[in-house]
Amino acid sequence: MNILTFDSNEKLNEAGANIIAGLVQTQPKAVLGLATGGTPVGIYERLVSDFKRGLFSFSQATSFNLDEYVGLDKKHPQSYYAYMHEHLFHHIDLPAERAHIPNGNAPDPQAECERYDRLIADAGQIDLQLLGIGHNGHIGFNEPAHALIRGTHVVDLAEETLKANARFFDSVDEVPKQAITMGVGTILKAKTILLVVRGADKADIVHRALTGPITTDCPASLLQTHPHLVVLLDKEAAGKLS
Ligand code: GLP
């Protein structure tokens with residue numbers, strides 16, 4: 001595990017963007033695992049501005065997003081489809097047919113999960129999986145549970161997650177109660193995992209995930225078992241690490 005701590009958001013964003021850009025420069029056909037939430041926004045902004053300077057191209061790359069809300073229209077501003085287009089896809093040359101996001105409106109969600117897993121399997125292996133973390137230790141939308149699921153599946157969102165994500169909606173009642181998420185088995189199969197965490201409110205969960213027992217009660221703790229885990233933290237999120 002390689003933990004890097006930054007004293008400014010700008011430096012953290014630069015480091016995150018450089019890791020992604022470096023991969024597509026050396027491996028143009030890279031398969032990227034992408035994340036949403038507040039955390040990666042600055043990294044995507046930096047990536048877009050470097051892309052616009054002509055430093056690299058995504059024209060041969062493929063991407064898979066971690067998750068999507070169930071039952072939210074694609075056009076809803078809080079859908080992860082809308083988020084990815086606003087923050088990244090609209091600004092870069094990644095071909096639309098290779099930018100994959102689970103379809104949260106599929107008539108048969110189970111069939112959609114199977115379709116998504118097949119697409120990932122057909123692409124080979126995810127080269128770099130970008131990840132954030134929920135306050136309860138969730139990764140993607142894999143919530144703390146007695147047992148975790150390997151592949152893509154429909155999940156009931158935890159009360160804590162609904163409350164945390166209510167800030168993006170008019171009220172907590174508008175947050176979808178379910179999501180489709182890549183499973184932890186798929187996440188852990190990525191060649192490299194890039195975990196990014198910001199803020200003092202995440203210091204406890206960072207400490208628990210990276211130094212605590214490996215348990216399904218804290219899905220992010222499973223990342224400790226990954227051979228190539230890179231962690232980018234601001235100094236607030238790193239506050240409880242020695
Ligand atoms: C969300 C997403 C996760 C994200 C996490 C933290 O609900 N499903 O992929 O990492 O929760 O989000 P944020 O970065 O906004 O704190």
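Predicted model: local features only at pLDDT ≥ 70, side-chain atom pairs only at ≥ 80, totals over all residues.
Residues are numbered from 1 along each chain as its sequence is written, and side-chain values use heavy atoms, with hydrogens and water left out.

Strand β3 spans residues 62-65, strands being DSSP runs of E with at least two residues and helices runs of H or I with at least four, numbered from the N terminus. In a regular strand the side chains alternate between the two faces of the sheet. In β3 both faces are covered, since Thr62 and Phe64 on one side and Ser63 and Asn65 on the other are all buried (under 20% relative accessible area with a 1.4 Å probe, protein chains only).

Strand β2 (residues 31-34) pairs with β3 in the parallel sense over four bridges, where pairing requires at least two DSSP bridges between the strands, and Gly33 has Phe64 as its bridge partner in β3. β3 also pairs in the parallel sense with strand β5 (residues 99-100), over two bridges, and here Phe64 stands opposite His100.

Turning to the helices, the axes of α1 (residues 9-26) and α2 come within 8 Å and cross at roughly 60°, the axes being lines fitted to C-alpha atoms over the stretch in contact, with angles running from 0 to 180 degrees between N-to-C directions. The contact (heavy atoms within 4.5 Å) involves residues including Leu12 and Ile20 of α1 and Ile43 and Leu47 of α2.

Terms used
Buried < 20%, exposed > 50% of the residue type's maximum accessible area, 1.4 Å probe, protein only.
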